[in-house]
Amino acid sequence: MIKVLKPGVQLTIQDKGRIGFRHLGISQTGCLDPYAQVIANRLIDNNDNEAVLEVTLGLCELQFEADTVIALQGADLNASLDDTPIYPGWSYEVKAKQILSFDTGRAGLRAYVAIKGGINVDEVMGSKSTDLNAGFGGLAGKALEAGDLISIASLDKPTKSFVKRGAITPPKLKMIRVHPSPHSLLLGNALIEQFTKIAFKVSHNSNRMGLRLAHENNLTHSHSLDSLGVSPGSIQLPPNGEPIVLLNDAQTTGGYPLLGTVIDADLHQFAQFRPGDSIEFKFVTLQQAALAKQKLNGHLSQLSLAIAHSQQ
């Protein structure tokens with residue numbers, strides 16, 4: 001078991017989320033930084049989709065009730081194990097009664113904790129992810145609270161066989177690549193071109209549903225549409241001209257025109273943007289988007305090869 005002493009701003013159980021249910025109005029949910037989830041799980045020989053803890057901003061304390069092995073990935077939120085600093089991108093052995101705590105960091109917003117063997121909660125529609133809006137998945141469909149007990153897998157072997165492993169984190173980007181807008185004719189070339197010339201600031205009014213972008217230019221409009229399907233990565237433009245990048249907990253339909261869609265390889269970057277961070281966008285072709293995805297997957301393949309080599 002892991003006992004939650006302090007949950008911090010938001011602490012949830014997430015895996016890759018629910019795929020294939022958007023036609024039923026079910027949000028994807030899941031880790032906002034799935035690459036951090038995969039890297040953390042590979043460092044401790046878990047399945048890639050094993051559920052992890054998503055720690056938002058920090059200010060969180062967790063007490064382990066049994067020996068285990070963990071891996072940290074994502075933002076550096078000044079974590080420590082008892083009084084010893086520990087860092088993202090590494091695996092660590094943990095003894096019973098040790099306390100994992102997070103302060104907060106100067107860069108990045110979300111850290112991920114993978115536990116050897118995973119977290120024992122029931123799957124709902126094929127996923128252990130917490131859907132905060134619908135109130136299911138994870139632990140009772142809610143963000144974790146002080147006093148909650150999280151069931152974790154027991155170790156098959158004593159931790160004396162533990163081998164510490166590390167991994168490089170994919171670089172953070174400020175220039176985000178985007179598929180072209182399906183509503184460019186409606187919005188007009190001038191507005192679309194202006195969108196790619198603005199340095200946006202991340203608004204405080206952002207969450208797992210969407211990241212709002214502030215700026216001092218004029219992107220206002222008076223267009224309205226019948227509701228259409230949207231997905232994580234869709235960039236909506238409300239009439240007030242402040243774009244919203246939809247994230248994993250977003251609704252499944254919307255009536256605002258779309259400025260474009262963030263390419264799959266860059267969407268995980270939005271997990272780590274903090275209020276006030278600067279973001280710019282540029283349009284890319286399908287081929288460029290596919291190459292970016294291939295490069296990111298190559299990073300994961302290199303990690304797997306390195307781990308396999310270390311076991312020989």
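This is a predicted model: local features need pLDDT of at least 70, side-chain atom pairs count only at pLDDT 80 or more; totals for chains, interfaces and linings use all residues.
Residues are numbered from 1 along each chain as its sequence is written, and side-chain values use heavy atoms, with hydrogens and water left out. Helices (H or I, at least four residues) and strands (E, at least two) are DSSP runs numbered from the N terminus.

Within α5, the residues Ala289, Ala292, Leu296, Leu300, Leu303 and Ile307 are buried; buried denotes under 20% relative accessible area, exposed over 50%, and partly exposed in between (1.4 Å probe, protein chains only). In an α-helix there are 3.6 residues a turn, so residues three or four places apart point the same way. The buried residues of α5 pack against α1 (34-43), β12 (175-179) and α4 (264-267), where contact means heavy atoms within 4.5 Å.

The chain is divided into domain 1 (2-150) and domain 2 (175-291), with bounds from an automatic or database domain assignment. The contact draws 28 residues from domain 1 and 18 residues from domain 2. Taken over C-alpha atoms, the domain centres are separated by 27 Å. About 1,800 Å² is buried between the two domains, 44% of it on carbon and sulfur atoms; buried area is the accessible area (1.4 Å probe) that two parts lose on being put together, summed over both.

One salt bridge is counted between domain 1 and domain 2, a salt bridge being a side-chain nitrogen of Lys or Arg within 4 Å of a carboxyl oxygen of Asp or Glu. Arg208 forms a salt bridge with Glu54, with the closest N and O atoms 2.7 Å apart, and both residues are buried. Glu54, Arg110, Arg208 and Asp249 are linked in a network of salt bridges. Asp266 and Arg177 also form a salt bridge, the closest N and O atoms being 2.7 Å apart. This pair links distant parts of the chain, with Asp266 in helix α4 and Arg177 in strand β12, 89 residues apart. Asp266 counts as buried at 1% relative accessibility, whereas Arg177 is partly exposed at 23%.

Arg110 belongs to strand β10 (residues 110-115), in which six of six residues are buried. Both faces are covered, with Arg110, Tyr112 and Ala114 on one side and Ala111, Val113 and Ile115 on the other. Strand β3 (residues 52-56) pairs with β10 in the antiparallel sense over four bridges; pairing requires at least two DSSP bridges between two strands. Val55 has Ala111 as its bridge partner in β10. Strand β5 (residues 68-74) is also antiparallel to β10, joined by five bridges, and Leu72 is partnered by Val113.

Strands β1 (residues 2-6) and β4 (residues 60-64) run antiparallel and are joined by four bridges, with Ile2 opposite Phe64 in β4.
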